[in-house]
Every structure is written in C-alpha cells, then in structure tokens.
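Here are a few notes to go with your first look at this one. Have the sequence and the 3D view open as you read.

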Amino acid sequence: MDSPEAEPPAGPAAALPAVAPQLRALRRRAFLTLEAAARDAGLSPAHLSRLETGQRQPSLPMLLSLARIYGTTVSELLGETTADREAVTRAGDMEPTSAGGWTYWQAGSPGRGMQALRVQVPYGAQGDIVRVHPGEEWLHVLKGRLRLRLGDALHRLAPGDSAHFDSLTPHRIAAEDPDGVELLFVHTLLQSPTAALCLGPTRGDVS
C-alpha cells in the first residue's frame, strides 16, 4: 500500500471537493498542533500545511486517517452537513433490502461515517466477487459459517467469530453452508465512486 503522504491518483479520488477550509478548523477543534496531527496521520508537517492551505488534495485513505484523528467523519471533512439523526434504531424500523442475493437491514442511522448492518448471505451468492475500497470493515457471525478471503489468506468463521480488516485488502465473502450465514457488519465507506469498487466476478472460488 502507498504511504499516506503519496499524492492522490488521477481520476475520481483526485476530484474530491476542496477540504482546506475544514481541515485547519477541525484540527484546532481537536486541540492538536500541526506537528502532532501530522505525526499521527503519518504525514510531514509541511504536507499537512499544504493540505490546509489548499495547495494539495488529500487521498481517500488520508481523509479516513484525518477523520479518525480529529474525532469526526469524512462527511464533515468535506464540509457536508446532515440533519440530526436518532441514536436508537428499533427492530420494527429495520426494513430489509436485497441486492445480489444478499438481504440487508440497516442497524444504524444512514449517512454516518460508520455504517452498521445486519446481513443475510445465502449459499452461493456473490462468493466470486472481489471487493476493494477505502475504509475498514468489522463483521461478526451470528448464524451459520462464513468463508472470508483476505488477499491470499482464507479464513473460516463460525458463530461468535469476528473479523476486522482494512477494506483496501481484496476480500471475498461467502456462506460455507447451504443454509447461508447471518452477520453483523460495520464498515466505513467514503461516499465516492471508489467506495463501491468491485473487481469481479473473478475466476475460481473462495474455497
């Protein structure tokens, strides 16, 4: 993986809105000096200063890192505002949606930097799709058994097992058993064209 200070690539990631007006204010709100924030983000103070003055545009992984350090969301770094959201999501308000054979229940407020879902994965659904995108993912197996491939490593998870990984690691998820698998799933996805980047289907299986 490139270092956090690497220049953003051409294309969608380089077309992010200007974030300079927010970066300095959010750093100061977090009571961090330029040097301390740069150190925590793995940047040089000079590079962070150029970001804050609009001379450079941050890469997507850099935005995620700065959001965590400043205790905020990528949306706020981008200057986006959202309406107040309820802190509690009731079971009766969780409407299922389906995509690609998977069924999702929103387990948290939409539009936040961290999204929580309950997911039902049928046997054979989307198991050949490789996903790669900025962010982090955490999953916890509720029912059934899961096959999770992270890069070249294959993991088999049983009920009660969890996994936490960087979403830039190519990953595939599939149900191990004919009855499928049910998961709790938390992810941090940027709202950008690269957030849903899928490299697949690919040849072969997850096994």
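1. Start with strands β2 (residues 102–106) and β3 (residues 115–121): they pair in the antiparallel sense, over four bridges. Look for W105, which stands opposite R118 in β3. Keep in mind that this is a predicted model.

2. Now zoom out to the sheet. β2 and β3 belong to an open sheet of six strands, in the order β1-β2-β3-β10-β5-β8, and the pairing is antiparallel. At the edges sit β1 (96–99) and β8 (162–166), each pairing on one side only. Ignoring direction, neighbouring strands here are turned by 25 degrees against each other on average.

3. Over to the helices, and α2 (residues 34–41) in particular. Its buried residues are L34, A36, A37, A38 and A41. What do they pack against? The buried residues of α2 pack against α1 (20–29), α3 and α4.

4. Helix α3 (residues 45–52) meets helix α4 (residues 60–70) at an angle of about 95 degrees, and their axes are 14 Å apart. With that angle, α3 is roughly perpendicular to α4. On the α3 side the contact is made by H47, L48, L51 and E52, and on the α4 side by M62, L66 and Y70.

5. What sort of residues make up the contact of α3 with α4? Five are nonpolar, one is polar and one is charged.

Notes. Residues are numbered from 1 along each chain as its sequence is written. This is a predicted model: local features need pLDDT of at least 70, side-chain atom pairs count only at pLDDT 80 or more; totals for chains, interfaces and linings use all residues. Side-chain values use heavy atoms; hydrogens and water are left out. Axes are lines fitted to C-alpha atoms, for helices over the stretch in contact, and angles run from 0 to 180 degrees between N-to-C directions. Helices (H or I, at least four residues) and strands (E, at least two) are DSSP runs, numbered from the N terminus. Angles under 35 degrees count as roughly parallel, over 145 as roughly antiparallel, 65 to 115 as roughly perpendicular and the rest as oblique. Contact means heavy atoms within 4.5 Å. Ala, Val, Leu, Ile, Met, Phe, Trp, Tyr, Cys and Pro count as nonpolar, Asp, Glu, Lys and Arg as charged, and the others, Gly among them, as polar. Buried means under 20% relative accessible area, exposed over 50%, partly exposed in between (1.4 Å probe, protein chains only). Two strands pair if DSSP finds at least two bridges between them.
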